[in-house]
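Please open the model in your viewer and keep the selection panel at hand.

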Amino acid sequence: MKYFDLNGSKVSGLGFGCMRFKTLDGDNGKIDKAISSKAMLEAIDKGLTYIDTAYPYHDGMSEKFVGEFLEENRLRDKIKLTTKLPCWLVKEKDDFYRLFKEQLANLGTDYLDFYLLHSLDINRFKQMVELGVFEFLDELKEKGLVKYVGFSFHDDYPAFEEIIKSYDWDFCQIQLNYLDINYQAGMKGYELAKDLGIPVVIMEPIKGGRLANPPAEIMDLLENFTDLSPAQEALKFPLSLDNVMTVLSGMNDINQVRENIDMASMVDYNSLSQEDIDFYERARAIYKSKEQIGCTACEYCLPCTVDINIPKVFSLWNNAYLYDESKKSKSQYENYLKDGVSPVECIECGKCEGICPQNLEIIEGLKQAHEFLI
């Protein structure tokens, strides 16, 4: 295992994401403790030190399971424990302290190595600032309750730039993989964090498992130059970035643990070959060619005059073709329509098309997306 040096503290290049444990009876809140414990023990035995959980994972059971696991195996002092403040539950300043205390109890610990503001977009961030989140974070560090503070991010680049420059963050967490280099913070955000001297944690390096099962055209490209699996080649991309502190993977069995640790032990910073770089570029082009509409989910089109969630509809339409997920997309669209506004309600006002940075034909796209997904 390779390690990132954070002020003298060794952080494993691979982190264990605790959002995708094996479950029982199809119930996300029922973690298969035997299989999940075995996977985590295997990872820690092979040098993994970073464990990442959060308040809502597995319907609120992930933190509790991780706490029980660490206590039963007496591993608390051997790992870097990370969780996240559920910002959406904070309505007043006292909630910061109440939730943090609850999380410590869930995890059976009296301190955290890393603590993040969870899932920030610009609006949520501004709410947190108004409630005094910076003073709260300062207090946690001053009292030794948390060693390092950061934030996880889900918005576009301008929001990332505002947030990362607003406070003396110890680290930040962004979604990044070889396909999503221009999505949300993207590579531009990564480079900004590097320039500011703020280490980056990577989430979704295999895009929720999608890059582990690519289309046949991409498999053909891969087989021409490497023996690595699609998942390993995807993981190689963020592992090679020299300002990445750790790459999170939601490993749920021993084989995934072993495969990913092999990569984290093998990949050096700045080690991508020209063949790797060419593969990523060509794979992106193949995925791009499968898009039905070039929506980047920038949300400039929102709010829609009649409250259609335009990026959501386009995302489901694209995913059906990009990842061979027609059945899944149609099921998710059915769920969306239960509470969301259908594209058939579009009044064709044209406001969205007038402000779309990609100059998309949104009105026609909504009709086609609905016709396919319904």
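Select Asp52 to begin: this residue lies in strand 6, which covers residues 50–52, where strands (E, at least two residues) and helices (H or I, at least four) are DSSP runs numbered from the N terminus. The model is a predicted one, in which local features need pLDDT of at least 70 and side-chain atom pairs count only at pLDDT 80 or more, while totals for chains, interfaces and linings use all residues. Residues are numbered from 1 along each chain as its sequence is written, and side-chain values use heavy atoms, with hydrogens and water left out.

Is Asp52 buried or exposed? Asp52 counts as buried because its relative accessibility is 2%; buried stands for under 20% relative accessible area, exposed for over 50%, and partly exposed for what falls in between, with a 1.4 Å probe and protein chains only. Now show what touches Asp52: leaving out residues up to four places away in sequence, the partners are Phe16, Gly17, Cys18, Tyr57, Thr82, Lys84, Gln173 and Leu248, contact being heavy atoms within 4.5 Å.

From that list, move to Phe16, whose contacts beyond four places in sequence include Phe21, Ala39, Met40, Ile51, Ser249, Met251 and Val257, as well as Asp52. Phe16 also belongs to the largest nonpolar core, of 90 residues, where Phe16, Ile51, Phe151, Phe160, Trp169 and Tyr178 touch the most other members. Apart from this core lies another, of 20 residues, with Ile308, Val313, Cys352 and Ala369 among them. Such a core is a set of buried Ala, Val, Leu, Ile, Met, Phe, Trp, Tyr and Cys residues joined through side-chain atoms within 4.5 Å.

Next, zoom out to the entire chain, which contains 16 helices and twelve strands. Its C-alpha atoms fill a box of roughly 60 × 55 × 45 Å along the principal axes, and 53% of the 374 residues are buried. Of the contacts with a separation of 6 or more, 75% are between residues 24 or more positions apart.

For the last stop, select Thr23, which is in strand 4 (residues 23–24). With 31% relative accessibility, Thr23 counts as partly exposed, and beyond four places in sequence it touches Asn28, Lys30, Ile31, Asp32 and His58. Finally, draw a distance from Thr23 to Asn309: the two are 286 residues apart in sequence, and their C-alpha atoms are 31 Å apart in space.
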